[in-house]
Amino acid sequence: MLKEFTSQERKVVLSITFAVMVRMLGLFLLLPVLSPYLRTLEGATPTLIGLAIGIYGLAQAILQIPFGYLSDKYGRKPIIFVGMLTYAIGSLMAGLVSNIWSMVFARFLQGFGAVSSAMIALSADLTREEVRTRAFAHIGASIGLTFALSLTIAPVLAGKFGVPFIFFLTAFLSLVATALLMLKVPEPSQRAKEREINPSLKNITLLLTDRNQLFLNFSIALTHALMVLIFTVVPYELVYLYNLPKLKHWEIYLPTIIIALALMVPAVIFAEKRGRFKEVFMLGVLFLGLSFLSFAIFGNFWGIVFMVLFFFIGFNILEALVPSLLTRLTHKDLRGLSLGFFNTTQFLGAFAGGIWGGYVLKHGYMYMTAFALALVLMWAVFTLLWFNGLKIPSKLGVAKE
């Protein structure tokens, strides 16, 4: 029987989902409008514009592990408070600056609030395993909806109120989300006498040799590399090959995201209710493969539409399953540090996807489809081997050994 959220779990999931949406809104709203705005700042050069855009992700990648470790040692909420406050300060500063170097510093401050690992760990701490995948599905769905909404309204907001308004808006929403988390979400018990593993940097070696951690890190890194790859190539194709203005791109993204989310929900429920994590995980990988295969087969506008649709289906399934599996398989006393590694590889994967996308635009789409399909096939083989080798209870859809 499918378990329902308790009232506390519902409150936790809604509060953390709102906080994640605020963070993602600040990122996604700026994607289509930031680089033209940065060009107007004093001292701007192409290199410094790229630095101002990219330093947010770099700071996130560097600081996920320290913030995750500190959340294990000192508690989730204090670390989340510091990170969200820093993000709000960085957003406020970014809305006020007039030169490019100040913007670089402001964007670094935004990225300094690297609390994704602490928030996911907090969600895992306060939800039962039976409902945890659905909790992450809520968070993943919110990211997808925020992405679609941002692509739709960002040009309108920037055109009517200016890009600084977007920074001020995200600063305000960040403070609201922080207050909600501090007041409505309890701090998990972390008394030393209840610990089996005390927080220590020596625990890093445990994670570096853990096959579950390594496989799931690889999975999330590849998922986000493919996401950034697609959204480096697709907008370029739509504008320069099919003459579709940027203001109309949402007409593709929004319907495909809604369809993908509608299909993701029953898949996640099936995984939890029937314990079919292996099958649903493989389904997510399959849809990512179909995404690139459709682009290769059709080679036209509809190939792009189906690529985006299939990608979002697979992406949303895996965004719900992968962190859920990690929190189940990682020791509860190491969740923050474990998720720090996890989120670091996620950001590094996104960085690699951007580099890959630039190479594809310069040298041809064969370097996207052929390599992506080869990687997805290899990933599918690794997935089967990993699930078959799991020595955990059958609640994950794997028989006991």
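Contact here means heavy atoms within 4.5 Å. This is a predicted model, in which local features need pLDDT of at least 70 and side-chain atom pairs count only at pLDDT 80 or more, while totals for chains, interfaces and linings use all residues. Residues are numbered from 1 along each chain as its sequence is written, and side-chain values use heavy atoms, with hydrogens and water left out.

View 1. Gln346 sits in helix α14. Helices are DSSP runs (H or I, at least four residues), numbered from the N terminus. Leaving aside neighbours within four places in sequence, Gln346 is in contact with Ile220, Ala221 and His224. Gln346 has a relative accessible area of 16%, so Gln346 is buried. Buried means under 20% relative accessible area, exposed means over 50%, and partly exposed lies in between (1.4 Å probe, protein chains only).

**View 2. Helices α13 and α14 packed together.** Two packed helices are described by the angle between their axes and the distance between the axes. Helix α13 covers residues 301-329 and helix α14 covers residues 335-363. Their angle is about 145°, and their axes are 10 Å apart. Axes are lines fitted to C-alpha atoms, for helices over the stretch in contact, and angles run from 0 to 180 degrees between N-to-C directions. Val322, Pro323, Leu326 and Thr327 of α13 meet Arg335, Ser338, Leu339 and Phe342 of α14. By class, this contact has five nonpolar, two polar and one charged residues. Ala, Val, Leu, Ile, Met, Phe, Trp, Tyr, Cys and Pro count as nonpolar, Asp, Glu, Lys and Arg as charged, and the others, Gly among them, as polar.

**View 3. The largest nonpolar core.** A nonpolar core is a set of buried Ala, Val, Leu, Ile, Met, Phe, Trp, Tyr and Cys residues joined through side-chain atoms within 4.5 Å. The largest one has 114 residues. Leu38, Met103, Leu216, Leu226 and Phe281 have the most contacts inside it. Helix α13 gives the most to this core, with 17 residues. Apart from this core lies another, of five residues, among them Tyr69, Leu207, Leu334 and Leu337.

**View 4. Ile53 and its partners.** Ile53 is found in helix α3 (residues 46-74). With a relative accessible area of 35%, Ile53 is partly exposed. Not counting residues up to four places away in sequence, Ile53 touches Leu34, Ser35, Leu38 and Arg107. Ile53 and Arg107 are 54 residues apart in sequence, yet 7.5 Å apart in space, C-alpha to C-alpha.

**View 5. Phe108 and Phe112, an aromatic pair.** The structure holds 19 aromatic pairs. The ring centres of Phe108 and Phe112 are 6.3 Å apart and the planes are at 50°, so this pair is tilted. Rings of Phe, Tyr and Trp (its six-membered ring) pair if their centres lie within 6.5 Å; planes under 30 degrees apart count as stacked, over 60 as edge-to-face and the rest as tilted. Both residues lie in helix α5 (residues 100-112), four residues apart, about one turn of the helix. Phe108 is partly exposed at 31% relative accessible area, and Phe112 is partly exposed at 28%.

**View 6. Asn243 in a loop.** Asn243 lies in the loop between α10 (211-240) and α11 (250-274). Most residues other than glycine have a negative phi. Phi of Asn243 is near 55°, a positive value. Asn243 counts as exposed, at 63% relative accessibility.

Notes
Helix = DSSP H or I, 4+ residues; strand = E, 2+ residues; numbered from the N terminus.
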